[in-house]
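The tour below goes stop by stop, with a selection at each one.

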Amino acid sequence: KKISLYVKFFNETPGQYESQLDFECFFATKGFKVPCSATCDFPSINSKAINVFMQRKKFRPPTPPDCYISKHYIMTEKLFDFGPLLIGKNPAKKSEPAYIHVNSSVFRISNNGRFTAEIDFTLASSVFEGPEYKKGTFIFEPEKMTLATDQTEDLRVWAFPDGPQLYKDQIICMIKNNPVPVLFDVQCTGVKPTVEVDTNIVKFE
């Protein structure tokens with residue numbers, strides 16, 4: 001005769017767990033041991049810069065013009081810098097090739113966990129605003145992703161500064177059934193063309 005024994009596992013902390021089941025029976029000289037192991041984890045995505053950002057620099061050069069980095073992740077600053085961008089561009093034209101080439105970059109979102117990852121993206125500026133955090137400066141597509149294990153999809157992020165100043169934000173990746181969001185810091189600098197003349201009087205002949 002056979003009977004089924006159901007063993008349930010539950011834990012609130014991610015990790016690898018091991019135990020054993022001990023069985024004894026009447027008239028036997030020794031017991032039986034059955035090893036058991038289980039893994040507890042959250043759905044997750046890969047947040048390492050080397051996997052997310054295709055262009056990276058270890059540090060920012062200290063002097064101009066080399067310090068004006070364009071569309072690179074700065075390892076020492078732990079942020080992605082779009083660099084100097086012309087102000088006054090229309091975000092409604094973001095799908096045009098020229099805007100995609102200059103004002104956008106791709107972040108690679110990969111599921112490196114054991115479970116399907118359902119991800120919702122938002123921006124810190126949608127929750128609060130400040131001098132450098134302004135709603136509408138950064139735009140991204142898509143707003144949601146569902147990734148199977150080992151699957152990778154692209155998150156395209158645009159930057160449209162509307163004034164000559166530094167803008168910052170955070171892309172917040174909220175993963176279903178994972179209480180800890182993944183954050184990516186981004187920034188850009190709005191600029192407008194200027195010229196300087198070395199005299200107060202300009203004579204035309």
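What follows is a list of selections, with a short account of what each one shows.

**Before selecting**

The model is predicted, so local features need pLDDT of at least 70 and side-chain atom pairs count only at pLDDT 80 or more, while totals for chains, interfaces and linings use all residues. Residues are numbered from 1 along each chain as its sequence is written, and side-chain values use heavy atoms, with hydrogens and water left out.

**Stop 1: the largest pocket**

Select Val7, Lys8, Phe9, Tyr17, Glu18, Ser19, Gln20, Leu21, Cys36, Ser37 and Ala38, which line the largest pocket. A pocket here is found on a 1 Å grid over the protein atoms alone, as an open set of points where a 1.4 Å probe fits, with protein on both sides within 12 Å along at least five of seven lines; lining residues have an atom within 4 Å of a point. The volume is about 160 Å³, taken as the space filled by probe spheres set on the points, which are joined across faces, edges and corners.

Now colour by strand (a DSSP run of E, at least two residues, numbered from the N terminus). Which strand gives the most to the lining? Strand 1 does, with 5 residues. Strand 1 (15-23) and strand 2 (32-40) each supply at least two lining residues. Colouring by class instead gives 6 nonpolar, 3 polar and 2 charged residues. In this scheme Ala, Val, Leu, Ile, Met, Phe, Trp, Tyr, Cys and Pro are nonpolar, Asp, Glu, Lys and Arg are charged, and the others, Gly among them, are polar.

**Stop 2**

Strands count as paired if DSSP finds at least two bridges between them.

Zoom in on strand 8 and strand 10 (residues 152-159), which run antiparallel and are joined by 4 bridges. Phenylalanine 138 is opposite alanine 159 in strand 10.

**Stop 2: salt bridges**

Side chains of opposite charge can pair when their charged atoms come close. The structure holds 9 salt bridges, each with a side-chain nitrogen of Lys or Arg within 4 Å of a carboxyl oxygen of Asp or Glu.

Select lysine 94 and glutamate 141, whose side chains form a salt bridge at 3.4 Å, N to O. Lysine 94 is in the loop between strand 5 (79-86) and helix 2 (97-103), and glutamate 141 is in strand 8, 47 residues apart. Is lysine 94 buried or exposed? Lysine 94 is buried, at 16% relative accessible area, whereas glutamate 141 is partly exposed at 39%. Buried means under 20% relative accessible area, exposed over 50%, and partly exposed in between, with a 1.4 Å probe and protein chains only.

Next, select lysine 144 and aspartate 120, a salt bridge at 2.4 Å, N to O. Lysine 144 lies in strand 9 (residues 144-147) and aspartate 120 in strand 7 (residues 117-123), so the pair ties together parts 24 residues apart in sequence. Lysine 144 is exposed at 59%, and aspartate 120 is partly exposed at 30%.

Then select aspartate 162 and lysine 134, which meet at 2.7 Å, N to O. Aspartate 162 is in the loop between strand 10 and strand 11 (166-175), and lysine 134 is in the loop between strand 7 and strand 8, 28 residues apart.

To finish this stop, select Arg60, Glu77 and Asp81, which are linked in a network of salt bridges.

**Stop 3: backbone details**

Where are the cis peptide bonds to look at?

- Proline 64 and proline 65 are joined by a cis peptide bond, with omega about 0°; proline 65 is in the loop between strand 3 (56-57) and strand 4 (72-74).
- The peptide bond from glutamate 141 to proline 142 is cis, with omega near 0°; proline 142 is in the loop between strand 8 and strand 9.

Last, select lysine 71, a residue other than glycine with a positive phi, near 55°. Lysine 71 is in the loop between strand 3 and strand 4 and is buried at 15% relative accessibility. Lysine 78 also has a positive phi near 55°; this residue is in the loop between strand 4 and strand 5 and is exposed at 59%.
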